[in-house]
Amino acid sequence: MEEKLKAEEKKIGMTEAWLRKHRLLYTGATRHPFILSIRDGTVDIAAFKTWLAQDYLFVRAFVPFAASVLIKAYKESDDNTDMEVILGGVAALKDEISWFKNEANKWGISLSNVVPQKPNKNYCGLLDSLTRPEVEYSVAITAFWAIEAVYQESFAHCLGEGSQTPQELKETCERWGNEGFGQYCQSLQNIANLHLQKASDDELKNAEVALLSVLEHEVEFWNMSCASV
């Protein structure tokens, strides 16, 4: 039975095997009521504004984490394309921060007055813990992929057939739900799977825990946005 399980994991990739294993939690992170309310056009704009302001703070905390993953790729990966893919993601964060500032201005949000809420602080704390030198590259890249993939999956759903996403929120959804970002997430997943194939049992356990932590924090982040209304 164990050999059959390992053969299946090798065939579909460790990350996909974990997503199937933890499907309920993954669905909770990518089909959260907040996301569904955007898709069906019933979202409370106050909730959206809370998410926007809090996510701006999160993205700023995401920058040093992304940089640490890039450094780990340089030190621990034999494949130069790892660095190129991750570097592309890091470079895009400058534009993303500018986008948040522009959106905040559009919605009348003063970002200088935004205070991180507890779920945001907790999530940023996870990012900070993953920047430690002793965290294996396979663990860090798994978390990096998961963070990006949740947004891609969530916002792409808001653009899918039958969606009634409000016109003024479509740009937000397209930012993460577009095909190009989906391909980027797929590249990250491929990198993660490749390194997880070579990982030790302890690394695999740590990577799975990191994935679960990301999904749990994502759910709490969405909950935080809804709770503000």
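Predicted model: local features only at pLDDT ≥ 70, side-chain atom pairs only at ≥ 80, totals over all residues.
Residues are numbered from 1 along each chain as its sequence is written, and side-chain values use heavy atoms, with hydrogens and water left out.

I begin with helix α9. Helices here are DSSP runs of H or I with at least four residues, numbered from the N terminus. In α9, residues 170–177, the buried residues are Thr172, Cys173, Trp176 and Gly177; buried means under 20% relative accessible area with a 1.4 Å probe, protein chains only. These residues lie on the same side of α9, because they cover an arc of only 110 degrees around the axis, taken from the directions from the helix axis to the C-beta atoms. They pack against α4 (33–39), α5 (45–76), α6 (80–106), α8 (137–157) and α10 (179–197), where contact means heavy atoms within 4.5 Å.

I turn now to the aromatic rings. Rings of Phe, Tyr and Trp (its six-membered ring) pair if their centres lie within 6.5 Å; planes under 30 degrees apart count as stacked, over 60 as edge-to-face and the rest as tilted. By this rule there are 23 aromatic pairs. Phe48 and Trp51 form a tilted pair, because their ring centres are 5.5 Å apart and their planes are at 40 degrees. Both residues lie in α5, three residues apart, about one turn of the helix, and both Phe48 and Trp51 are buried. For Phe155 and Trp222, the centres are 6.1 Å apart and the planes at 75 degrees, so this pair is edge-to-face. Phe155 belongs to α8 and Trp222 to α11 (residues 201–227), so the pair ties together parts that are 67 residues apart in sequence. Phe155 and Trp222 are likewise both buried. Ring pairs also link a cluster, whose members include Phe34, Trp99, Tyr151 and Trp176.

On a 1 Å grid over the protein atoms alone, a cavity is a set of points where a 1.4 Å probe fits but cannot get out, and lining residues have an atom within 4 Å of a point. Grid points are joined across faces, edges and corners, and a volume is the space filled by probe spheres set on the points. The largest cavity holds about 110 Å³ of space. Among its lining residues are Asp55, Phe58, Tyr151, Trp176 and Glu218. The elements giving two or more residues to this lining are α5, α6 and α8, and α5 gives the most, with four residues.

Conventions:
Buried < 20%, exposed > 50% of the residue type's maximum accessible area, 1.4 Å probe, protein only. 1 Å grid on protein atoms, 1.4 Å probe; cavity = no way out; pocket = protein on both sides within 12 Å on 5 of 7 lines; lining within 4 Å.
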